[in-house]
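Please keep the sequence and the structure in view while working through the points.

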Amino acid sequence: MSKISILGIEGTAWNLSAAIVDEDDVIAETTATYMPKTGGIHPREAAQHHANHITEVVRETLKKGKSEISAVAFSQGPGLGPCLRTVATAARALALSLDVPLIGVNHCIAHIEVGRWKTPAKDPVTLYVSGANSQVLAYRKGHYRVFGETLDIGIGNALDKFARSVGLPHPGGPKVEELARTATKYIPLPYTVKGMDFSFSGLTTAAQESVKKYTLPDVCHSFQETAFAMLVEVTERAVAHTGKREVLLAGGVGANSRLREMLKIMCEDRGIEFYVPEKRFMGDNGAMIAYLGLLMYKSGYRTPISESKVNPNFRPDDAVVTWR
Ligand code: AMP
Ligand code: MG
């Protein structure tokens with residue numbers, strides 16, 4: 001019997017990426033990245049970018065993959081509406097033309113599952129930190145439960161927004177990290193944790209104000225220390241509450257070495273494992289969509305065309321986990 005191979009398409013925001021995976025590995029991946037000329041991500045422009053590149057991205061992936069496709073998976077949400085719709089339209093057309101099933105996947109869960117695939121993590125508490133999303137999740141009884149999440153903007157967007165306001169190019173996260181390395185002191189900024197949730201917009205505004213009085217490296221450093229401490233606090237409480245013995249870091253902001261260091265210290269203090277996937281699996285990528293598609297496909301899950309509408313607010317805890 002030939003192996004199951006799934007083609008997955010990601011395009012919830014800035015990155016358009018198609019990949020083919022089988023049960024062992026990523027067979028092929030092709031990416032086209034939208035780079036705003038000025039400012040941040042413009043949803044309609046990003047969607048136009050995806051529409052312009054989707055044919056070549058899919059064609060290239062199929063050419064490199066050379067395998068028979070068992071199903072087409074796509075990000076059904078959460079994400080930017082115009083981008084989601086562009087990718088979903090392409091996925092539907094492709095599934096119909098290849099005459100294979102369609103599988104709509106939750107983007108946040110794909111980040112978790114690719115981490116469980118590409119690291120030794122089995123049943124972790126996941127800190128998922130990306131542009132638009134910031135959540136602490138863990139599996140329990142058929143769902144990935146959200147233990148804590150942002151009450152306003154995602155940590156990546158907060159960093160990008162702050163960076164933009166001080167004249168740094170998009171994406172701002174890596175620039176803030178770089179500048180923070182040369183800081184000489186910590187400036188107190190609003191630390192907002194409410195129950196198990198956190199908020200970043202007050203911190204972003206305060207940081208924007210602070211650059212009038214303090215050096216940019218000091219403000220970048222203080223922004224990171226404050227925001228990351230909030231994330232680590234909630235992650236630690238989710239670990240204490242669930243009794244899980246592993247923490248997994250997911251999402252583009254996970255590239256930040258200070259965030260990794262802080263999580264590592266927390267995990268070492270508690271005597272639990274800390275896992276970070278390779279960088280290519282951290283930011284948005286097609287392989288994670290294809291891999292979650294593969295897990296869902298094997299568990300018998302299919303998305304009829306009539307139920308393939310995108311959902312920009314698709315919550316990970318609304319998805320039924322049929323593969324664990
Ligand atoms: P994603 O939405 O998961 O693809 O992640 C994109 C986000 O990650 C953007 O907001 C970036 O600014 C952010 N990001 C990427 N690298 C870093 C870094 N080294 N430190 C902080 N944020 C980062
Ligand atoms: Mg993401």
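**Notes on the model**

1. K66 is found in the loop between helix 1 (43-65) and strand 4; helices (H or I, at least four residues) and strands (E, at least two) are DSSP runs, numbered from the N terminus. K66 has a positive phi of about 50° although it is not a glycine. The residue K66 is exposed, with a relative accessible area of 76% (buried means under 20% relative accessible area, exposed over 50%, partly exposed in between, with a 1.4 Å probe and protein chains only).

2. This is a predicted model, in which local features need pLDDT of at least 70, side-chain atom pairs count only at pLDDT 80 or more, and totals for chains, interfaces and linings use all residues. Residues are numbered from 1 along each chain as its sequence is written, chains are lettered from A and ligands numbered from 1 in the order in which they are written, and side-chain values use heavy atoms, with hydrogens and water left out.

3. K141, in the loop between strand 7 and strand 8 (143-149), is likewise not a glycine and has a positive phi of about 45°. Its relative accessibility of 64% makes K141 exposed.

4. Which residues coordinate the magnesium ion (ligand 2)? The donors are H107 (NE2), H111 (NE2), Y128 (OH) and D284 (OD), at 2.1 to 2.7 Å. Donors are N, O and S atoms within 2.8 Å of the metal (3.2 Å for Na, K and Ca); water is not among the atoms, so sites may look incomplete. Y128 in strand 6 (residues 125-129) and D284 in the loop between strand 12 (273-275) and helix 9 (286-298) link distant parts of the chain, 156 residues apart. Y128 is buried at 0% relative accessible area, and D284 is buried at 11%.

5. The axes of helix 4 (residues 155-165) and helix 7 (residues 216-242) come within 12 Å and cross at roughly 170°. Axes are lines fitted to C-alpha atoms, for helices over the stretch in contact, and angles run from 0 to 180 degrees between N-to-C directions. Helix 4 is therefore roughly antiparallel to helix 7 (angles under 35 degrees count as roughly parallel, over 145 as roughly antiparallel, 65 to 115 as roughly perpendicular and the rest as oblique). The contact (heavy atoms within 4.5 Å) includes I155, A158, L159 and F162 of helix 4.

6. A cis peptide bond joins H170 and P171, with omega about -5°. P171 lies in the loop between helix 4 and helix 5.
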